[in-house]
Amino acid sequence: MEKKKRYLLNCEVCDARKMHENLFDPYDEVVINADVLLVNEDARRNLSRYPIQLNADNIVEAEGDVDVQVQNGWMELKCGQMPARKTVLVVNGGLAIWPGTEELLKNYLAIIVNGSVRYPESLSAGLTRMKVNGKTSVYPDDCIILKGSAKIDVYFPLRAEAGARYYAERRVVLLDEKLDVAALAEKQVRFETQELLVTESNVEAAVPLVGAATTLTVVPDGCAYVDEVDGVSLDERLLRKYGKKLYINGDLSLDANSTPYLAQIEYLYVNGTVLLLPEQKDAFLALDVDYKLMIVRSGLQIANRLKAFVGPDLLDETPLGITIQDCVQVILEDDLTAGQIQEKLKFKDCMEIICSEAQKQAVQMVSENVARINTDPEKGSKEEEDAFDGVRINAESYVL
């Protein structure tokens with residue numbers, strides 16, 4: 001195979017403003033993958049001299065001294081954080097912009113947010129140079145910020161400011177049995193939120209707390225709000241901790257051990273996905289549950305992994321079979337038979353399945369939207385590496 005002299009650059013921010021005009025002369029192929037490309041007049045001229053494969057989501061004109069800042073995770077822009085120079089900001093996560101930052105924002109040539117952003121209404125006109133690949137949340141300037149899902153406890157009416165407006169992006173939860181909801185109304189407190197979650201006995205007192213656009217979700221008295229990051233399973237722990245009336249903000253999973261606990265449920269609202277076994281479906285639906293989505297298990301679910309290994313022992317432990325979905329690489333052990341694969345395995349939306357030649361046909365029969373079935377990974381990797389000759393750069397930010 002003929003080798004090509006290649007230049008491959010993968011980075012979040014590529015600064016091309018100081019690029020030498022002959023930089024790419026030695027290469028037959030140049031590929032630049034960047035979230036942000038900084039250019040000026042010289043950079044545009046030098047780049048145009050080559051047949052570059054340029055994959056840049058954002059091209060920013062930047063003359064003079066410019067800083068580049070890449071933030072992974074959560075970030076806040078507040079008054080008093082004025083950057084020393086003009087700055088290009090890339091946030092991979094979440095960004096909160098606080099009121100009174102109009103002058104600060106003028107020093108950002110571009111703000112790229114790969115995630116979520118939150119800011120007050122008064123800043124909308126000054127954020128024309130911001131691009132958001134995700135969710136944008138805008139709130140009234142005079143609001144006091146609460147958590148996205150704000151659980152209001154019994155002490156909140158004592159601490160709340162009279163006449164104040166509070167903002168919770170997703171919902172406000174008024175389920176504490178000892179909470180004096182009427183006291184909040186007397187203080188003329190208002191909540192700006194998408195959903196108000198309230199018990200039946202407090203509905204009348206809670207209505208003045210929100211506007212007509214807010215969804216009012218009414219649950220029985222004694223209902224507990226369950227908000228655990230990774231979802232919950234229906235088991236003894238769940239009922240002991242929260243009781244038999246549940247509003248679950250997230251996903252609920254049922255396995256074979258969950259069946260006896262279905263009869264104990266008095267009320268259930270699942271603001272997410274319910275995952276259960278086929279034999280549990282009728283009993284679950286008989287509870288008259290509110291839920292977003294139901295998935296009836298076809299066996300073990302393996303999803304969203306870089307690598308997944310499957311062998312006969314794992315199949316023996318899962319009589320309902322295994323569905324493997326959205327995995328980058330799936331590796332099958334050689335002693336898996338074609339019959340076992342056809343009977344107990346399903347592959348969906350995976351990048352690569354590594355298997356033997358004897359397994360390949362069976363894998364093809366149970367695969368849906370699989371990019372590659374590889375029976376000789378060492379050969380493929382070696383050929384790819386041998387075919388590459390040149391420069392390969394992976395960086396957060398890079399100056400040409």
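Predicted model: local features only at pLDDT ≥ 70, side-chain atom pairs only at ≥ 80, totals over all residues.

Mentor: Strands here are DSSP E runs of at least two residues, helices are H or I runs of at least four, and both are numbered from the N terminus. Two strands pair if DSSP finds at least two bridges between them.

Residues are numbered from 1 along each chain as its sequence is written, and side-chain values use heavy atoms, with hydrogens and water left out.

Back inside that sheet, β22 (residues 322-325) and β24 (residues 345-348) run parallel and are joined by four bridges. Gln325, for instance, has Lys348 of β24 as its bridge partner. Glu343 and Gly321 are 22 residues apart in sequence, yet their C-alpha atoms are 7.6 Å apart in space.

Now the other sheet. It is also open, with four strands in the order β21-β23-β25-β27 and parallel pairing. The edge strands are β21 and β27 (372-374), and since each has a single partner strand, one side of each is left without a neighbour in the sheet. On average, neighbouring strands here are turned by 15 degrees against each other, direction ignored; axes are lines fitted to C-alpha atoms, for helices over the stretch in contact, and angles between N-to-C directions run from 0 to 180 degrees.

Strand by strand, β21 (residues 307-310) has Ala308 and Val310 on its covered face, with Lys307 and Phe309 on the uncovered one. β21 pairs in the parallel sense with β23 (residues 329-332) over four bridges, and Ala308 has Val330 as its bridge partner in β23. β23 in turn is joined to β25 (residues 352-354) by three bridges, again running parallel, with Gln329 opposite Glu352. Helix α11 (residues 357-365) packs on this sheet and touches β23, β25 and β27; the direction of α11 makes about 160 degrees with that of β27. Contact means heavy atoms within 4.5 Å.

As for what else to look at, go to the other end of the chain and its aromatic rings. Rings of Phe, Tyr and Trp (its six-membered ring) pair if their centres lie within 6.5 Å; planes under 30 degrees apart count as stacked, over 60 as edge-to-face and the rest as tilted. By that rule there are ten aromatic pairs. One of them is Tyr7 with Phe24, edge-to-face at 4.9 Å centre to centre and 65 degrees between the planes. Tyr7 lies in β1 (residues 4-15) and Phe24 in the loop between β1 and β2 (29-39), so their pair ties together parts 17 residues apart in sequence. Tyr7 is buried at 5% relative accessibility, and Phe24 at 1%.

Phe24 also pairs with Tyr50: the centres are 5.5 Å apart and the planes at 85 degrees, so this pair is edge-to-face as well. Tyr50 sits in the loop between α1 (41-47) and β3 (53-61), so to speak a distant part of the chain, 26 residues from Phe24. Tyr50 counts as buried, with a relative accessible area of 14%. Put together, ring pairs link Tyr7, Phe24, Tyr27 and Tyr50 into a cluster.

Definitions and conventions
Buried < 20%, exposed > 50% of the residue type's maximum accessible area, 1.4 Å probe, protein only.
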